[in-house]
Amino acid sequence: MIELEDVSYSYGGGELLSDVSLQLQPGSFHFLTGPSGAGKTTLLKLCYGALLPNSGRLSAFGEDISSLDRDQMALLRRRIGIVHQDCRFLDHMTVAENVALPLTVSGSTAETEQENLTELLNWVGLGSRLQALPPELSGGERQRAALARAVILSPDLVLADEPTGNVDWEMSQRLLHLLIELNRMGKTILIATHDLGLIRAAKSQVQARVLRISHRQLQLAGADL
Amino acid sequence: MIGEGVRDLLRRDGRADRVVPPTGFTAQLTLFVSGAMAFLAVFALALSLAAGRLAERWASELAGAATLRINAPVEQLAAQTETALVVLRQTPGVASARVLTAEEQVALLSPWFGPDLPLDTLPVPQLIEITEGDPGLDAVGLRLRLGAEVPGAVLDDHSRWREPLVTAANSLRRLGWVSILLIGGATAAMITLAANASLAANAQIVEVLRQVGAKDRFIVGAFVRRFTFRAFFGAVVGTLLGMSGVLLLPEVSEEGGFLTGLGFQGIGWLSPALIPLLGACVAFVATWSAARRKLKELS
C-alpha cells in the first residue's frame, strides 16, 4: 500500500531519516513511536507526499510518489485520511461543513452523502454539534471531528499524527477505539505517538506492530512494549 | 476550450465559495480600487471619444471649403474677381464658387474692427468662398493657374488652420487611450497585490484544502471567483457614478467651445458598459496568475 525503500530525508541542517524501508500492508495496524523531533511527523508527511524524499524510492498504491503531478497528488490524498494533532479546520465553517470538506473539494454533490455525513458524525459522537464552529469544540471533539473528516471519503489508509496529544486518557481511549473499528473495517492505520500507554492499550485489542525511529533509523520494536 | 475552462472556473458554487472566508480588509479594498478605477476610466473614455469626435469634425468642416482672396488695386478688383470666377468654374473639384457680398465681409471683419467699419473707404480684398466637390480640389494646380491669370489671388485651403487643430485633438485622444491602458494596468497590479495578501492570509486554508485532496483548480477557482465578482461589482458602481458625473457636465454650447463637447453621444453611451467587463477580465487574469504562482510554492 505504502512502500518505502531506502528513503532518506534531510532538512537544511542535516539528515533526519536515513535508509528507511517500510511496507504498510493493507489492513495492518501500525504505531510509529520515538522521541520528540525524531522524525515521526516527517515520515508521515513523506507518506502523503507533503514532503519528497531526498533519496530512495517511495511508492503509494503502486505509484512512485515523486512522479505524480499536482493533480495526481490531490487524487492520492483523497485515498489517504490524515489526522493532525492540531486538527486544522476552516474556522469560519461549521463542523458539518468541515467534515464534509473532502466531499466538497472532490466535487461530490450526491444527496446520499448527507446521510453518510450525519451517520459518520453520530459514529464519532458529534451528532449534536453539527452546526458548531470548530473553535467552540473541546479538544476531544476537535480530534473526533478531524477523524470524521479523514475518513469521509472512505480512504484505504488513515495516518494519524499524535491524535491523542491534546486529550485526556478517557478521550484517547475513545479515539483509539474508533481507529480500531476502522481497522476492523479493513482500513490500514498508521498512528504516530509517543504515548506508550496508548500502544499498550491497543495491543490488547488489535494486532498492532510498533515501529520506532531512533538514530535516524526505523526499527521494528519488540514485543516487550 | 479556453472559454469553457474560464466558464467552468467562474461557475458559482455555493459550497466551494464558502471555503474562502467571506469578509476581510482585502474585500473592501478590492471593491474600492475597482470602483475608483472604473470611475476614472469613464472620464478617460469620455475624453477619448470626445477628442475623436472633435478631430473628425474639425477635419471635415474645414476640409470641404477653401477661400480665395484677391488683393488688387481698387480699379482692377472687379476685373480680377471676374477672371478668377471663370478660372474656378473651369477647375475640376470646385462644386461652387461664390463672391462674398460687402455685408458679409463687414460681418466677418466686425469682430476685429468694430461694427462701424467704413468698408468702402478701405482697400479690403475681395473674398470668394469655394465649396469643394468630389474629387477634391487640386490646390497646387489651381494656385499655378491663378498665379498666371489673376496675379492678386491667394488661395487658402484652410490646411494651415486645420492641421494643428486636428493634431491637437488626436493627441488628446491618444492621451485618453493611454490613460485607459494605465488604469487597466494599475487595476491589475492592485488586484494582484490584494489577491496575494488574501492568499497569504488564508495560507492555512489553502494548506488544509490541499491536505484533504483539493486540486489546484478548485482552490484557484474559489479565489478567482471571489475577486472577479468583487472587481465586477466595484466597477459597476464606479462606472455608474462616473457616468452620472459625465451627465452633470454642461451641455454642448457655442460659447463653451470644445470643452463642453466632453461626454458621450448616441451609441457612445453604451461604451462605459464595457468597463466593468474589462475590469472583471483584468481581475480574473490577475487573481488566476497570482494564485497559480502561490500554489506552486506549496506541496
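## A look at chains A and B

Chain A holds eight helices and 10 strands. Its radius of gyration is 17 Å, close to the 17 Å that the globule rule gives for 225 residues, so chain A is as compact as a globular protein of that length. Keep in mind as you look around that this is a predicted model. On the confidence side, the model scores ipTM 0.89 and pTM 0.77. For chain B, pLDDT averages 84, and 94% of the residues score at least 70.

Let's stay with chain A for a moment. Picture a box drawn along the principal axes: the C-alpha atoms of chain A fill one of roughly 45 × 40 × 30 Å. How much of chain A counts as buried? The figure is 41% of its 225 residues. The contacts tell you something about how the chain folds back on itself. Take those in chain A with a separation of 6 or more: 70% of them are between residues 24 or more positions apart.

Now for the sheet in chain A.

Over in chain B, four strands form an open sheet with antiparallel pairing, in the order β2-β3-β1-β4. The edges belong to β2 (94-99) and β4 (153-156) of chain B, each with a single partner strand, so one side of each is left without a neighbour in the sheet. Ignoring direction, neighbouring strands of this sheet are turned by 20° against each other on average.

Strand β1 (residues 65-70) of chain B runs antiparallel to β3 (residues 126-132) of chain B, with six bridges between them. In that region, Leu68(B) has Ile128(B) of β3(B) as its bridge partner. The strands β2(B) and β3(B) are antiparallel too, joined by five bridges. Look for Ser96(B) here, whose bridge partner in β3(B) is Thr131(B). As a general point, side chains in a regular strand alternate between the two faces of the sheet.

Here are the strand pairs side by side:

| Strand pair | Bridges | Direction |
|---|---|---|
| β1(B) and β3(B) | six bridges | antiparallel |
| β2(B) and β3(B) | five bridges | antiparallel |

Finally, where do the two chains meet? In total, 21 residues of chain A are in contact with 17 residues of chain B. On the side of chain A that touches chain B, α2 (70-77) and α4 (101-105) of chain A each supply at least two residues. The largest share of that side, five residues, comes from α2(A). What classes of residue are found on this side of chain A? There are 10 nonpolar, four polar and seven charged residues.

Key:
Residues are numbered from 1 along each chain as its sequence is written. Chains are lettered from A and ligands numbered from 1 in the order in which they are written. This is a predicted model: local features need pLDDT of at least 70, side-chain atom pairs count only at pLDDT 80 or more; totals for chains, interfaces and linings use all residues. Two residues are in contact if their C-beta atoms, placed from the backbone, lie within 7 Å. Ala, Val, Leu, Ile, Met, Phe, Trp, Tyr, Cys and Pro count as nonpolar, Asp, Glu, Lys and Arg as charged, and the others, Gly among them, as polar. pLDDT is the predictor's confidence in each residue, from 0 to 100. The radius of gyration is taken over C-alpha atoms; the globule rule is 2.2 Å times the number of residues to the power 0.38. A residue is buried if 20 or more other C-beta atoms lie within 10 Å of its own, exposed if 12 or fewer, and partly exposed in between; C-beta atoms are placed from the backbone. Two strands pair if DSSP finds at least two bridges between them. Axes are lines fitted to C-alpha atoms, for helices over the stretch in contact, and angles run from 0 to 180 degrees between N-to-C directions.
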